Amino acid sequence: MVDSSIIWLVSIEYGVGGDAAPFVCLGGFRNTRAVYKLEEDGLVLELNETRFDFGTSYELECETAEPDRASVFLSVASHGLSATQSI
């Protein structure tokens, strides 16, 4: 059983956990974020590095009021990467 007040609240609210289906900790992660402000373009780039037991994941976020302009500026496709737009 995991000793966590958050897990306890989730188990009460959603009726999961306990003896029938106990929560088991499968591992953890560590996240590091670097923030870069591009003043002249009005863009804020956030680079996240998340380390799991099984590997490392990277995510680049761009905060802007003009996503179409930013996508041209960043042009991640030219580097063999994929991009998605979130709201």
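Predicted model: local features only at pLDDT ≥ 70, side-chain atom pairs only at ≥ 80, totals over all residues.
Start by selecting glycine 15, where phi is positive, at about 65°, just after α1.

**Helix α1**

Select residues 5-14 next; this is helix α1, and serine 11 lies in it. The helix is hardly covered, with a count of 1 buried residue among its 10 residues. Serine 11 counts as buried because its relative accessibility is 16%, below the 20% cut-off for that class. Show its surroundings: leaving out residues up to four places away in sequence, serine 11 touches Val16 and Phe23.

**The whole chain**

Zoom out and colour by secondary structure. The protein has 2 helices and 3 strands, and from the N terminus on the elements run α-β-β-β-α. Of the 87 residues in the protein, 11% are buried. The accessible surface comes to about 7,500 Å², and carbon and sulfur atoms hold 56% of that area. Among contacts between residues at least 6 apart in sequence, 13% join residues at least 24 apart.

Now colour by pLDDT. The mean for the protein is 78, and 70% of the residues reach 70 or more. Which elements mark the two ends of the confidence range? Confidence is highest in β1, at a mean of 92, and lowest in helix α2 (residues 67-74), at a mean of 70.

**The sheet**

Select the strands. They form an open sheet of 3 strands in the order β1-β2-β3, with antiparallel pairing. β1 (29-38) and β3 (55-63) stand at the edges with a single partner strand each, so one side of each has no neighbour in the sheet. From one strand to the next, the twist averages 15°.

Keep β2 (residues 43-52) and β3 on display: this antiparallel pair runs over 9 bridges. One place to look is glutamate 46, whose bridge partner in β3 is glutamate 61.

Move to leucine 43, which lies in strand β2. Is leucine 43 buried or exposed? Leucine 43 is buried, because its relative accessible area is 3%, against a limit of 20%.

**The salt bridges**

Show the charged side chains. How many salt bridges does the structure hold? The structure holds 3 salt bridges.

Select arginine 33 and glutamate 46, whose side chains meet in a salt bridge (3.6 Å, N to O). Arginine 33 lies in strand β1 and glutamate 46 in strand β2, so the pair ties together parts that are 13 residues apart in sequence. Arginine 33 is partly exposed at 46% relative accessibility, while glutamate 46 is buried at 13%.

Through shared partners, Arg33, Glu46 and Glu61 are joined into one network of salt bridges.

End the tour at arginine 51. Its salt bridge is with glutamate 49, and the closest N and O atoms are 3.4 Å apart. Arginine 51 counts as partly exposed, at 39% relative accessibility.

Notes:
Residues numbered from 1 in each chain as written. Heavy atoms only, no water. Pairing = 2+ DSSP bridges. Helix = DSSP H or I, 4+ residues; strand = E, 2+ residues; numbered from the N terminus. Axes fitted to C-alpha atoms, helices over the stretch in contact; angles between N-to-C directions. Buried < 20%, exposed > 50% of the residue type's maximum accessible area, 1.4 Å probe, protein only. Contact = heavy atoms within 4.5 Å. Areas by Shrake-Rupley, 256 points an atom, 1.4 Å probe, with all protein chains shown as cover. pLDDT = per-residue confidence, 0-100. Salt bridge = Lys/Arg side-chain N within 4 Å of Asp/Glu carboxyl O.
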